[in-house]
Amino acid sequence: MPSKRKIKAREFVYDLRLGMSNEELAEKYRLSSTGLRKMLRKLVDGRFVGEEEVVSRIERIEEPVTRARGLHERERISGSRFPIYDLYDMGAEYYVENISETGLQVLGINVNIGERRTFVVQGYAFDDIASFSFDAECRWVKSESRDGLSRAGFEITDISEDGLRGLRALLSKLSPGYESAG
């Protein structure tokens, strides 16, 4: 498991008090909306800032697009590797090792944190599932492991209703006991 990134509280508080927006803070410190919310809570809990300084910021943090569509975090499904493709480089084949409604772990991909990709799952690999695509943003990278493959974690940032149905069908196929949140 990759070690967690360290963010210096004093530097973060300085930027916060300089008037950086939530979006600017999230981009500078490479935080998802959930990560930003947790960081602000930790600052209050650690008494680096007062609750009154951040309560309105916490309320204004936008949920990721996938959550706005009614998805909820689910336990990841792992153990079944399957191919996935980058829409803009269909010749490159990567493999999914773990997947949930909100994110996935991709093997064999060279990417940097913050990069966005549009992934395609080819339905023919699963008999009765239609092909679908979604946008995702890289949240972490682990260079070559013991098996020689690099790994990257992506947060799903946008998915169509059809894509969501395809993803849920895939999750159900990979884990027969899986139940959708929506």
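This report describes aromatic pairs, strand pairing and salt bridges in a predicted model.

**Aromatic contacts**

Four aromatic pairs are present in the structure. One of them joins phenylalanine 119 to phenylalanine 154 in an edge-to-face arrangement, with 5.0 Å from centre to centre and 85 degrees between the planes. The two residues come from distant parts of the chain, 35 residues apart: phenylalanine 119 belongs to strand β4 (residues 116-121) and phenylalanine 154 to strand β6 (residues 151-158). Phenylalanine 119 and phenylalanine 154 are both buried. Ring pairs also extend beyond these two residues, linking Phe119, Phe132, Phe134 and Phe154 into a cluster.

**Strand β4 and its partner**

Strand β4 is largely enclosed by the rest of the structure, because five of its six residues are buried. Strands β4 and β5 (residues 132-142) run antiparallel and are joined by six bridges. Within this pairing, arginine 117 has alanine 136 of β5 as its bridge partner.

**Salt bridges**

The structure contains 13 salt bridges.

| Arginine | Glutamate | Closest N and O atoms |
|---|---|---|
| Arginine 17 | Glutamate 53 | 2.8 Å |
| Arginine 81 | Glutamate 97 | 3.2 Å |
| Arginine 139 | Glutamate 155 | 2.6 Å |

The salt bridge between arginine 17 and glutamate 53 links helix α1 (residues 9-18), which holds arginine 17, to helix α4 (residues 51-60), which holds glutamate 53; the two residues are 36 residues apart. Glutamate 53 is partly exposed, at a relative accessible area of 30%.

Glutamate 97 is in β2 (residues 89-99) and arginine 81 in β1 (residues 77-86), so the pair ties together parts that are 16 residues apart in sequence. Glutamate 97 has a relative accessibility of 18% and therefore counts as buried, the limit for that class being under 20%. Arginine 81, at 46%, counts as partly exposed.

A further salt bridge is formed by arginine 139 and glutamate 155. Arginine 139 lies in strand β5 and glutamate 155 in strand β6, so this pair also ties together parts that are 16 residues apart in sequence. Here arginine 139 is partly exposed at 25% relative accessibility, whereas glutamate 155 is buried, with a relative accessible area of 14%. Both residues belong to one network, in which salt bridges with shared partners join Arg116, Glu137, Arg139 and Glu155.

Key: Residues are numbered from 1 along each chain as its sequence is written. This is a predicted model: local features need pLDDT of at least 70, side-chain atom pairs count only at pLDDT 80 or more; totals for chains, interfaces and linings use all residues. Side-chain values use heavy atoms; hydrogens and water are left out. Rings of Phe, Tyr and Trp (its six-membered ring) pair if their centres lie within 6.5 Å; planes under 30 degrees apart count as stacked, over 60 as edge-to-face and the rest as tilted. Helices (H or I, at least four residues) and strands (E, at least two) are DSSP runs, numbered from the N terminus. Buried means under 20% relative accessible area, exposed over 50%, partly exposed in between (1.4 Å probe, protein chains only). Two strands pair if DSSP finds at least two bridges between them. A salt bridge is a side-chain nitrogen of Lys or Arg within 4 Å of a carboxyl oxygen of Asp or Glu.
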